[in-house]
There are 2 protein chains.
Amino acid sequence: MNELDSIFYPDNVALVGSMKKGKIGYEVLKNILDHRFDERGNIYPVNPKGGEVLGLEIRESLEEVPELDLSVIASPAKYVPSLIEGSGNMGAKGAVIISSGFGEIGNKELEEEVLKKAQKNDIRVIGPNCAGIFSTHHDLYASFELPVGEGGLAFITQSGAFGGAALGWAKVRDIGFSSFVSYGNALDLNEIDFIKYFSEDENTEIIGVYLEGTVDGRELMKVIKNTNKPVIVIKSGKSSRGSEAVSSHTGSLAGSYKVYNTAFKQAGAVEVEGIEEFFDAVKASKVGINSAGKNVAVITNSGGPGIMCTDKIESLGLNVVEITQKTREELKDFLPEQSSVKNPVDIIADADYERYKKTIETVDKDDKVDSMIILCVPPGYIPSKDIARSIIDANYEKPLIANFMSGELVEDGLKLLNKNDIPNFPTPERAAKGVFWISNQKSNIK
Amino acid sequence: MNELDSIFYPDNVALVGSMKKGKIGYEVLKNILDHRFDERGNIYPVNPKGGEVLGLEIRESLEEVPELDLSVIASPAKYVPSLIEGSGNMGAKGAVIISSGFGEIGNKELEEEVLKKAQKNDIRVIGPNCAGIFSTHHDLYASFELPVGEGGLAFITQSGAFGGAALGWAKVRDIGFSSFVSYGNALDLNEIDFIKYFSEDENTEIIGVYLEGTVDGRELMKVIKNTNKPVIVIKSGKSSRGSEAVSSHTGSLAGSYKVYNTAFKQAGAVEVEGIEEFFDAVKASKVGINSAGKNVAVITNSGGPGIMCTDKIESLGLNVVEITQKTREELKDFLPEQSSVKNPVDIIADADYERYKKTIETVDKDDKVDSMIILCVPPGYIPSKDIARSIIDANYEKPLIANFMSGELVEDGLKLLNKNDIPNFPTPERAAKGVFWISNQKSNIK
C-alpha cells in the first residue's frame, strides 16, 4: 500500500465546489459519473448550498460525508485551507486542489497555509492550480479535461493547458492512458513523486513527463534511473528566451538545458521535442526503449523513400550498417535482379507478401544488424494489408519499426499493424526517429 | 506558346499500351476518362489488337489517329523507338514514356535510340520509367497514380514511388495541384526544364521538387533564382550512405550535400526534410516565402505551449524578439493582470475573441516584430471557431501563422482557418518551422 493510492485508487471521494452547470465542480462531477466511478466507489458532491445534482444528494459540508479517502477541491482559494482541515477530520489522505488563486498570482501565504494544514492532517496534495487527475483503470476521471481511454501510459504534466492538448491529441489517435496528472503549482507532490509512484503502479507500462523545471534535479534523475519502465520527457524552456518565459509563467527556474539533456541520457530517459514526437516515442516504446544498438537495416520497396530514411538515420548519429556478404548472397538467391541487396535493401515496387517476409527473416539473422525499418509505398495492385501481414507473420527477433506511405492506400495495412502493436509512422523520417528512441540513449551522449 | 504546352495542355492525346483491365495502359486511360478529358480534347487509345475499351475505339496504330499533340506510351520498351517515330509522323510534339526497361536496368542503348528518334522528330520526352503526369486545370490525368484535385502546386519528382506517396498524403489533406510530373530516367526533360516551365505556367502558384541529383547544378540554381514563384525542395541523398544509395538507385550522382544546401539558400529555394515538412511549407507559403525578417512574436493563451514554441523558434536561429515598451504599455491597458506582456505574450486561458483580436492588432503594429505566431489551446467553454474568427477579423499586415491544439476541440476553428487560407499547424514546433520558412532564407546562410 502506497500513500498515493488514496489519490489514484480511492474508495470514497468528496468533490467540493460549485455544482452549477458550466462550473468546474459540476464538470468534474459529470466526468466522474460519466465513467461510472459510483459503481466502484462512492462519490460525494459537497457544497454549502446543499440540494441535488445529477441524481446525487449534495452534502452541505465535509462533516456529512460518511467515509473519505480523497477530496477533490474546486472551491474559491480562500476556503481551501479549511477544506483541507475538514478533509483530514473525515480521514482523507489525499487532496487534488484544482482551485487557482495561489502562488501563481503571488498569493504565496495562502499556499503555505494550505501546505501546513495538509501536513498537520497527513494529507498529500496535488495542485493547487491544476487540471486534476485521471486514474482510468479505477474509473476515476477527477478532471474537467477531455476523458481518454484505458491503457498503459501515465502522463504527468506541469502545464495544464499542454496536458489538455495532449489528451485531445491522444484521443483522436486512440492512445490509452493509465493516468493523467496535472500538478499545477506542485505545492506538495511533484514529478519526482509521481514518477516514483507510477514505477510501482501495476497498470502503468510507460511514463511520460512534461517538465518546465524541477526543484531537485539530482532526485529527479535518480527516480528516472531507478524505474524499469520507459520514461519519455518533454523538457520545455530550453532556449534562453524560453527559460525566461518559464520564470514568468511558473515562477520556477528552468535551469541550464545542457545539464538536463545530458542527465536525461545518463538516467536512460528519452527526451523528445513536443507532442508529436512524444506520442511517436510512446509508440516506439512497444518494441523497447534503450533496447537496441546503433546499426539499422532499411528494407524498402521504393528507392526514394529508402534514401530519405537513410539520410535521417545517419543524421541522428545511427548507422545504416553494411550488411554481411553472407546475408547479401542469401538475399540475391530469392530477390529479383533489379533489387539492391546493399543496405538500404531495395526489394523493388512489386514486392509482395512472400518477398517482404523472406527479406525480413534473412536480414534479421544478420549479426551486424541491431534493428530494422520496413518501408512500403504499395503500388495500387498490392494491398497494403498483405505487406502488414508479412511483417506480422515473419519470424524475427530484432526491434522492427514500419513506415507505410501514404493516405487511403495504406489504411488497411496500418489498421493491421496497430492491432498487432507494430510501431508504424507516416514518414521515413519519423520511422528513423523511432529507431533512434529505441537505440540506447546512454551510448548517444555527446 | 511554350514547346512543353503540347505535353501539359494538348488537344489530342494518343495512349499506347495494353488496354486490358489491370494493365498500366488501361489504368491510365481510366484516369483520363474519369476526369473527362474527352470533353475538352481527344483521347485515342492505341493497341495493335484493336477493339474497344471503355466505350472508345482502339486504333491499331498511331497512323490511324487523326490529329496528335502528345503520346503517352506504356508499351514494352522494345517498341518505344518506333512509337516515337510514329508519333512524330502524326505531328506529336511531346511524349510521356511510362514504360520501364531502359537505363535503370542497364539498357542504355535502347534509351539512346529513343532520344535520337525524339530529337529527329522534334519531340520532347518525359521519362522513360516514370509514373506519368497530371495537368489538373486541363483535366489531363495521364498517370496511373491516385488523382488529386485542382490547385496551385506543381510537383516535380525524380522518384515515382515518392511522388505517389506525396499524392496520397495530399489527397487526404485536400491539397490542390496544378501539375504532377514524375520524370523517371530524365532522358530528355528534367527538373530544370520543368521549374522553368511552371515559372511561366499561369495555373501554378508554387513549385515543389523532389530531387536526388541533377545533371547541371549551376543551371538548376539559375532557374530557381529566376522564378518569382516559391520553390520548395526535398533533397534526398544527403548523407554519405544515402548518396551511395542514390547511385545504385538511379545511376546519377547525388553530389555533395553541403553545396546543394548553400546553393538552395542563395537561390531562394526553401529546403525541407521529407513529405510532412514539404506540405507544411506549401501551407506556409500562403503568407509569402522569404517575405519576413527573423523577429517573431508569439501570442498564446497557455504558458507551456508558448514556451515550447519559443524554444523551437530560437533553435531555428530566429528571435522571439523583445517587443517595445510602447506595445507593452498598450497591451497592459486591456489585458488581465495575470497576463504576460513580454514575448511570448501570454493572454491566459480564458482569452476570447476580443482579447485575441486586440492583441494581434497591437502586436502587429510593433516595428520590431516581423511575423506572428498565434497559439490557442481553447478551454472547453470557448469555441475554437471564435478564436479563428478573431484572427480572420483582425486588422494586421505582418505574416501570421497559427497553431490550434488539439484534437476534436479545435476542429471547427481549423476548418475556418483553412477556408480563409490562414496557415495553421498542429504543434507549436511545426508553427515555428512555418515562420522559419517564410523568413528570408538568404539571410540564413551559415
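Q: Is B:K312 buried, partly exposed or exposed?
A: In this predicted model, local features need pLDDT of at least 70, side-chain atom pairs count only at pLDDT 80 or more, and totals for chains, interfaces and linings use all residues. Buried means under 20% relative accessible area, exposed over 50%, and partly exposed in between (1.4 Å probe, protein chains only). The relative accessibility of B:K312 is 14%, so this lysine counts as buried.

Q: Which side chain meets B:K312 in a salt bridge?
A: A salt bridge is a side-chain nitrogen of Lys or Arg within 4 Å of a carboxyl oxygen of Asp or Glu. Here the N to O distance is 2.8 Å. The pair crosses between chains, from helix α11 of chain B to the loop between β14 (270-272) and α10 (274-284) of chain A. Helices (H or I, at least four residues) and strands (E, at least two) are DSSP runs, numbered from the N terminus, and the partner of B:K312 is A:E273.

Q: How many salt bridges are there between chain B and chain A?
A: One of them joins A:E276 to B:R430, with the closest N and O atoms 2.6 Å apart. Those two residues also belong to a salt-bridge network with A:D280, A:R430, B:E276 and B:D280. Between chain B and chain A the count is four.

Q: Which helix gives the most to the side of chain B that touches chain A?
A: Contact means heavy atoms within 4.5 Å, and this one takes 55 residues from chain B and 55 residues from chain A. Chain B and chain A bury about 4,100 Å² between them, 63% of it on carbon and sulfur atoms; buried area is the accessible area (1.4 Å probe) that two parts lose on being put together, summed over both. With nine residues, the helix that gives the most is α11(B).

Q: How far apart in sequence are the parts tied together by B:D188 and B:R124?
A: B:D188 forms a salt bridge with B:R124, at 2.9 Å between the closest N and O atoms. Residues are numbered from 1 along each chain as its sequence is written, chains are lettered from A and ligands numbered from 1 in the order in which they are written, and side-chain values use heavy atoms, with hydrogens and water left out. B:D188 lies in the loop between β11 (177-182) and α6 (191-200), and B:R124 in strand β7 (residues 124-126), so the parts tied together are apart by 64 residues.

Q: Why is the pair of A:F8 and A:F198 given its class?
A: Rings of Phe, Tyr and Trp (its six-membered ring) pair if their centres lie within 6.5 Å; planes under 30 degrees apart count as stacked, over 60 as edge-to-face and the rest as tilted. The centres of A:F8 and A:F198 are 5.2 Å apart and their planes stand at 65°, so the pair is edge-to-face.

Q: How many of the residues of α6(A) are buried?
A: A:F198 is one of the buried residues, and others include A:I192, A:F194 and A:Y197. The buried residues pack against elements of chain A including α1, β10 (150-157) and α7 (217-226). Helix α6(A) is largely enclosed by the rest of the structure, because the buried count is seven of the 10.

Q: Which residue lies over the face of B:W169?
A: A charge sits over a ring if NZ of Lys or CZ of Arg is within 6 Å of the ring centre and within 35 degrees of the ring normal. At 3.9 Å from the ring centre of B:W169 lies B:R173.
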